[in-house]
Amino acid sequence: MTSKKWNLALLQMDIAIGEPDKNFAKLEALLEEAVAGDVKPDVIIFPEMWNTGYALERIRELADREGERTRALLSAFSRKHGVLIVGGSVADLREDGVYNTIYSYDREGEQAGAYSKIHLFRLMDEEKFLLSGSEVGRLELDGVPAGAMICYDIRFPELARRLALGGAQVLFVPAEWPKPRLHHWRTLLTARAVENQMFVVSCNRVGVSGTTEFFGHSMVIDPWGEVIAEGDESERIIRATIDLGLVPEVRSRIPIFEDRRPSLYQE
């Protein structure tokens, strides 16, 4: 493909557990700040479960019914400002239960994809309160095939590889990844980028929820595994520019997809 550059804005935010109104207000302020900078972003991404945090015991009453409030906000904002949005993820109440869902939007405010977290994290009791998604997170932004995974999903390389085999050139990862596993976070994200020769754009939260502390370190990693941008542990907007022309270049130089032997990978 021809070279295409995207300016990114990662909204590394704190989340008020169990207070959707406060979180929506904070997100709207950060969105406005993101587009008011010297370089307007092409793509904006934010963390996992930003509307409620992990208030799981109250999640049915707090969740966004059918994602209506979230979808209305993101659609209107993307259309007004002509930006692409990978909308973090929200607690999304449906008829059968609550899902952890990313909604993504194109520059015209049309939904470009939706993905519900497949792998539920038992260390935070997700499986007791949330339902697991059943479809992989494929989306297309500006004609660019991309993929979405959420937090714990990055421990499952099979999922990232399936997205890459489907053509994904960028993997977006909203997260609430806690201390002390910073080494896991950085290593897994870098591995997903290198082994699939694609950009990885991850947005983690900061702050404290109950007894759990979150460290931020949102990251943008290129297909060589080089870290282009990385946040600290404070609430802030991380900005970076990526050149999507690097993806086909790297894939042509080290032809891992051509050299695969899938018949030997099955048990």
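I take buried as under 20% relative accessible area, exposed as over 50%, and partly exposed as in between, with a 1.4 Å probe and protein chains only. The model is predicted, so I note that local features need pLDDT of at least 70 and side-chain atom pairs pLDDT 80 or more, while totals for chains, interfaces and linings use all residues. Residues are numbered from 1 along each chain as its sequence is written, and side-chain values use heavy atoms, with hydrogens and water left out.

I searched the whole structure for salt bridges (a side-chain nitrogen of Lys or Arg within 4 Å of a carboxyl oxygen of Asp or Glu) and found 17.

I looked up Glu233 and Lys179, whose side chains meet in a salt bridge at 3.1 Å, N to O. Glu233 is partly exposed at 40% relative accessibility, and Lys179 is partly exposed at 33%.

I then turned to Arg205 and Asp14, which form a salt bridge at 2.7 Å, N to O. Arg205 is buried at 0%, whereas Asp14 is partly exposed at 25%. Both belong to a network of salt bridges that also includes Glu176.

Of its 51 residues, Trp6, Val170 and Phe172 touch the most other members. I also noted a second, separate core of 22 residues, with Leu11, Ile85, Tyr105 and Ile237 among them.

Terms used:
A nonpolar core is a set of buried Ala, Val, Leu, Ile, Met, Phe, Trp, Tyr and Cys residues joined through side-chain atoms within 4.5 Å.
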